[in-house]
Amino acid sequence: MNKIPAAQLAAWLAALSLIAMGLGLMTGSLGWEWGVSWNDPIVQDIRLPRTVGAWLAGALLGLAGALAQGLFRNPLADPYLLGSASGASLGVAIALSLGLWGSASFADMSEVMQWAMRLGLTGMAFVGAWAAVLLTLLLAKGVEHTLRLLLAGVVVGVVLGALTSLLTLVSPQTLPAMQSFLLGNTSMLSGQACVLMAFVLLLCAGLSWIFSPLLDGLRLGESTAQSLGLRVLPLRVVLLAVMGLATATAVAQTGLIAFVGLVAPHLVRARFTGRSASLLVLSMLMGGVLLTTADVLARGLWAPQELPVGVLTGVLGGGYLLWRIHSSQMAGSSA
Amino acid sequence: MMLTYAFTAQKLTVQRGSLCVLSEVDLSVHADQWTCVVGPNGAGKTTLLKAIAGLLPSTGELRVQGHDLRTLAVKDRAKMMAWLGQQEQGSDDLSVQDVVMLGRLPHQSSWVGADAQDMAQAQTWLAQLQLTHLKDKSLAQLSAGERQRALLGRALAVQAPILLMDEPIANVDLPNQSDWLQTVQHLTQHNTTVVSVLHDLNLAMRADHVLLMNQGRLVIHAKPDDPLLHQALMEVFAHRITIHRVADQWVVLPL
């Protein structure tokens with residue numbers, strides 16, 4: 001497949017983002033509507049934050065996925081590696097079961113309370129994600145051995161997932177909120193969530209860009225990266241923190257949305273060869289396009305019944321991965 | 001002519017757990033010459049090179065041009081010593097030009113990135129290694145020899161006065177080995193000190209100096225013509241080799 005220069009691919013992805021967002025604004029509870037008015041409060045208050053929020057969450061997950069794959073030099077790494085997403089879920093489950101959210105919905109709260117709750121949930125998700133990362137690093141005895149790290153991440157993910165289920169069982173009042181969270185849901189995204197995610201995305205993208213030479217160096221191996229004057233360990237810790245923050249922020253707003261972080265960098269690499277800084281930005285854009293499109297499909301395919309977007313990304317992402325495995329096996333057998 | 005040393009090591013030691021894998025190595029490497037490290041498997045050749053490059057924790061003294069290498073900032077050290085690892089990995093989705101440009105990282109700040117001088121240096125080495133026509137190809141599209149040339153280009157683009165290479169021509173064919181020898185000669189003529197680990201003793205005997213390692217210790221550091229080196233080689237390789245002079249070159253054959 002022919003490769004495309006970074007600027008050209010970025011322009012394509014930006015155009016696709018705008019198209020997907022336009023479709024998002026035109027998709028309501030009854031399906032697609034072609035003649036929507038910008039002044040319609042439903043468009044401004046519900047569809048706009050939901051669509052922009054889906055793009056931002058997808059961009060955060062795409063960026064986190066590209067960081068994970070670069071940091072661990074493993075194309076199967078994603079933000080769910082290291083147990084970070086499971087840790088974020090557990091953080092949210094703890095917040096919910098302790099009654100931090102209470103019985104009121106976001107819509108019933110004052111604006112200050114809404115911000116406090118949103119930051120609280122994001123904070124708990126971040127603490128959970130980071131605790132999981134630390135636990136994984138502890139079990140793997142550092143980041144030097146990729147296989148040990150991946151295995152530790154899987155173990156931590158399973159154990160924390162079980163703890164989340166247990167918490168939900170002992171606090172049945174959190175069941176509806178947790179179910180929506182575990183299935184992945186963009187319907188609760190508000191303007192505040194968008195502001196929060198946009199701020200975190202800018203921060204994470206900036207830091208990732210500045211420290212991306214580490215990812216370039218790691219693509220030639222750890223010794224080479226070190227010989228090029230890169231401080232591998234501290235830079236790795238910074239980029240792991242950025243990955244954790246991006247994942248936790250997205251997970252706290254939308255719940256568990258699988259495969260976007262894994263698939264976005266793969267799709268970019270299929271059409272792009274180049275430095276990590278460009279790969280990170282392109283993966284971010286691709287993640288935004290993927291989740292916005294998935295959100296539009298989740299709302300429109302079976303309208304008025306809405307599919308949880310996490311279920312849709314799971315099915316589509318799993319299918320894509322199966323196809324990739326099959327096509328690489330075919331290429332291997334014909335070689 | 002006064003001989004100067006590119007770097008010196010004293011009592012250079014590497015411990016791995018309770019095992020001493022490099023034991024009190026003293027050596028002085030001649031500037032602007034090619035020194036080749038040889039020895040049987042597990043002799044400590046790669047460990048020695050990695051310790052010199054600062055890629056392994058070690059004890060003892062390492063000095064370059066009067067500077068203690070361990071006190072230098074990592075970027076200054078990187079500008080002083082370039083490294084090409086054994087079967088260095090290269091991500092298949094990097095282009096040849098990207099790979100060579102990575103050699104300029106020690107010269108760049110995180111905030112600014114590559115400038116015109118970095119680009120010019122990379123172009124120079126692409127041309128020097130006959131890679132210009134391949135610069136936009138990804139590593140996956142290259143032959144083993146071309147790939148190795150691209151990775152060598154990355155190490156050379158650092159423009160360091162000392163180049164350390166661990167098995168740089170494993171798995172490449174004879175024409176590519178010949179190209180590599182010419183590149184090494186070009187480098188030593190242009191004020192670069194080359195230290196390489198090679199398994200191929202015939203190629204190693206073409207170096208200016210040979211450094212023989214065994215069981216984590218330096219056995220001898222001598223010129224290829226030195227009869228003491230020949231004797232030590234035969235002893236270390238358990239008298240399973242013979243060394244002959246053929247067409248003005250030393251040839252090492254298995255018995």
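**Note on the predicted two-chain model**

1. Strand S8(B) is largely enclosed by the rest of the structure, because five of its five residues are buried. Thr193(B), Val195(B) and Val197(B) point to one side of the strand, while Val194(B) and Ser196(B) point to the other. In a regular strand, side chains alternate between the two faces of the sheet. The coordinates discussed here belong to a predicted model.

2. S8(B) has strand partners on either hand in the sheet order given in point 3. With S3(B) the pairing is parallel and comprises four bridges; within it, Val37(B) has Val197(B) as its bridge partner. With S7(B) the pairing is also parallel, over five bridges, and Ser196(B) in S8(B) stands opposite Met165(B).

3. These strands belong to an open sheet of six strands in chain B, ordered S6-S7-S8-S3-S9-S10, whose pairing is mixed. S6 and S10 of chain B are the edge strands; each has a single partner, so one side of each is left without a neighbour in the sheet. From one strand to the next, the twist averages 15°. At one end of the order, S6(B) and S7(B) run parallel and are joined by four bridges, with Met165(B) in S7(B) as the bridge partner of Leu84(B).

4. Two helices of chain B pack on this six-stranded sheet. H1(B) touches strand S3 (34-38), S6, S7, strand S8 (193-197) and S9 of chain B, and its direction makes about 150° with that of S7(B). H6(B) touches S3, S7 and S8 of chain B, at about 145° to the direction of S8(B).

5. At the other end of the order, strand S9 (residues 209-214) and strand S10 (residues 217-222) of chain B run antiparallel and are joined by five bridges. His221(B) in S10(B) is the bridge partner of Leu211(B). The hairpin formed by S9(B) and S10(B) has two residues between the strands, and Gln215(B) takes a positive phi near 50° there.

6. Chain B also contains an open sheet of four strands in the order S2-S1-S4-S5, with antiparallel pairing. Its edge strands are S2 (19-30) and S5 (67-68) of chain B, each of which pairs on one side only. Strand S1 (residues 5-16) of chain B is joined to S2(B) by eight bridges, and the two run antiparallel; Cys20(B) in S2(B) is the bridge partner of Gln15(B). Helix H1 (residues 45-53) of chain B packs on this sheet too, touching S1, S2 and strand S4 (59-64) of chain B, and its direction makes about 65° with that of S2(B).

7. What span should helix H5 (residues 144-156) of chain B have at 1.5 Å a residue? Its 13 residues should span 18 Å, and the end C-alpha atoms are 18 Å apart, which agrees. The helix is largely enclosed by the rest of the structure, because 10 of its 13 residues are buried. Among these are Arg147(B), Arg149(B) and Arg154(B), together with Leu151(B), Leu152(B) and Leu156(B). The buried residues pack against strand S6 (81-84), helix H3 (96-102), helix H4 (116-128), strand S7 (162-166) and helix H6 (174-189) of chain B.

8. Between the chains, 20 residues of chain A are in contact with 22 residues of chain B. On the chain A side, helix H7 (191-218) and helix H8 (222-227) each supply at least two residues, and the largest share, five residues, comes from H7(A). That side divides into six nonpolar, nine polar and five charged residues.

9. The largest nonpolar core has 170 residues; those touching the most other members are Leu60(A), Leu63(A), Val92(A), Ala125(A), Met197(A), Ala246(A) and Leu164(B). Helix H2 (residues 41-71) of chain A contributes the largest share of this core, 14 residues. Leaving aside neighbours within four places in sequence, Met197(A) is in contact with Gly53(A), Leu56(A), Ala57(A), Leu60(A), Thr249(A), Ala250(A) and Gln253(A).

Terms used: Residues numbered from 1 in each chain as written. Chains lettered and ligands numbered in written order. Predicted model: local features only at pLDDT ≥ 70, side-chain atom pairs only at ≥ 80, totals over all residues. Pairing = 2+ DSSP bridges. Contact = placed C-beta atoms within 7 Å. Nonpolar A, V, L, I, M, F, W, Y, C, P; charged D, E, K, R; others polar. Core = buried A, V, L, I, M, F, W, Y, C linked by C-beta atoms within 7 Å. Buried ≥ 20, exposed ≤ 12 C-beta atoms within 10 Å, placed from the backbone. Expected span 1.5 Å × (residues − 1). Axes fitted to C-alpha atoms, helices over the stretch in contact; angles between N-to-C directions.
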